[in-house]
Amino acid sequence: MVLYKLEDFEPNYQDNFDGHDIKGLGVYTQGTDEKIGTVSDVLVDEEGHFRYLVVDLGFWIFGKKVLLPLGRARIDYNVDRVYTVGLTREQAEDLPEFNERQTLDYDYEERVRGVYRQPGDYTPIETSAALDPLAPPVAPLATTPTYARDSYTYENEPSLYGLNEQDHQTLRLYEERLIASKRRQKTGEVTIGKHVETDTARVAVPVERERVVIERVTPADAGTAVSGREADFREGEVARIEIHEETADVRKEAFLREEVRVRKVVDQDTVETQETVRREELDVNSGNLPVEER
């Protein structure tokens, strides 16, 4: 069973005491009003149940701190006092000293409980020896309860750890609930880039080429005699004709093909989760006395 300081378990613990701070209250013996010390801290179990008051016995036994089970304390905020139930100076001297650096294990708590435990609440019966002096002796009845290390719970001893409305009016019962919230976290990133792909494009370009065609024809008056002036006999070049042809002139031109727009959209979804929550319930041990709960 792990114990925690109240402030470590619940930093805003004062909100549960209507603004009061249980730490610093004076501790007095019930009935004699003798001040024996001051509450220096409160210890709770892992479920938030109050188990011990840490009492500094500076006024009673200088320099010693001890544990006071909550069931043996009565808190009165009207006078800002804590009254101990049945704690004597002798018991305080027998209590093991509380040290924050010391491990609060089962053995340590048993030493604390052993000091507070009173003889068992039972009505002794007349033994056979009392009825018959000649009868063999009978082993005495056990006066203190015994518990097993592995099965012990604080509920075994309500006289030490039980809460009641009269003595612990402002100790609240707690319940856990699930608080749903959201947090934004990065799940990754999308990078967008460009790369160039090459392809072979073909284009057909019609071109013209000039060529010389020489036609030899027989005129209609072939064989007719001509004069010497008309006959023009020459040697060498008699005509020049330029020949042209077209060639394909292909060049590349860049143009806008398409636009790519990049944006983010938010998809809505509902995520369900579950968790175990705890709730404190009040245990009332009134014996056969009538109790009214409202």
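A residue is counted as buried under 20% relative accessible area, as exposed over 50%, and as partly exposed in between (1.4 Å probe, protein chains only). By this criterion, 23% of the 294 residues of the protein are buried. The model is predicted, so that local features need pLDDT of at least 70 and side-chain atom pairs count only at pLDDT 80 or more, while totals for chains, interfaces and linings use all residues. Residues are numbered from 1 along each chain as its sequence is written, and side-chain values use heavy atoms, with hydrogens and water left out.

The secondary structure comprises five helices and seven strands; helices (H or I, at least four residues) and strands (E, at least two) are DSSP runs, numbered from the N terminus. The order of these elements from the N terminus is β-α-β-β-β-β-β-β-α-α-α-α. Contacts are defined by heavy atoms within 4.5 Å. Among contacts between residues at least 6 apart in sequence, 62% join residues at least 24 apart.

Strand S7 (residues 81-84) takes part in two pairings, where two strands pair if DSSP finds at least two bridges between them. S2 and S7 run parallel and are joined by four bridges, with Gly26 having Arg81 in S7 as its bridge partner. S6 and S7 run antiparallel, likewise joined by four bridges, and Ala73 stands opposite Thr84 in S7. S6 and S7 form a hairpin with four residues between them. Asp80 lies in the loop between these strands and is partly exposed, with a relative accessible area of 42%. The phi of Asp80 is near 55°, a positive value in a residue other than glycine. Most residues other than glycine have a negative phi.

Thr84, located in S7, is buried at a relative accessible area of 1%. Beyond its neighbours within four places in sequence, Thr84 is in contact with Val27, Tyr28, Thr29, Gln30, Ile36, Leu68 and Arg72. Val82, with residues up to four places away in sequence not counted, touches Leu25, Gly26, Val27, Tyr28, Val39, Leu53, Ala73, Arg74 and Ile75.

Val82 also belongs to the largest nonpolar core, which has 41 residues. A nonpolar core is a set of buried Ala, Val, Leu, Ile, Met, Phe, Trp, Tyr and Cys residues joined through side-chain atoms within 4.5 Å. Leu43, Tyr52, Leu53, Leu57, Leu67 and Val82 have the most contacts inside the core. At least two residues of this core are supplied by each of S3, strand S4 (50-56), strand S5 (65-69), strand S6 (73-76), helix H3 (106-116) and H5. In soluble globular proteins, nonpolar side chains tend to be buried together.

The structure holds 17 salt bridges, each defined as a side-chain nitrogen of Lys or Arg within 4 Å of a carboxyl oxygen of Asp or Glu. Side chains of opposite charge can pair when their charged atoms come close. One of the bridges joins the side chains of Lys5 and Asp41 (4.0 Å, N to O). This pair links distant parts of the chain, with Lys5 in strand S1 (residues 3-5) and Asp41 in strand S3 (residues 35-45), 36 residues apart. Lys5 is partly exposed, with a relative accessible area of 27%, whereas Asp41 is buried at 9%.

A salt bridge is also formed between the side chains of Asp33 and Arg81 (3.9 Å, N to O). Here too distant parts of the chain are linked: Asp33 is in the loop between strand S2 (26-29) and S3, and Arg81 is in S7, 48 residues apart. Both residues are partly exposed, Asp33 with a relative accessible area of 44% and Arg81 with one of 22%. In a further salt bridge, the closest N and O atoms of Glu259 and Arg261 are 3.5 Å apart; Glu259 and Arg261 are both exposed. Salt bridges that share partners join Glu109, Glu110, Arg113, Arg117 and Glu157 into one network.

The protein exposes about 24,800 Å², of which carbon and sulfur atoms supply 47%; accessible areas come from the Shrake-Rupley method with a 1.4 Å probe, and for residues only the protein chains shown count as cover. Val190, Ile192, Val260 and Val262 make a nonpolar surface patch of about 460 Å². Patches consist of residues with over 30% relative accessible area and no salt bridge, like charges being joined within 9 Å and nonpolar side chains (Val, Leu, Ile, Met, Phe, Trp, Tyr) within 5 Å. Val190 lies in the segment after helix H5 (158-161) and is exposed, with a relative accessible area of 75%.
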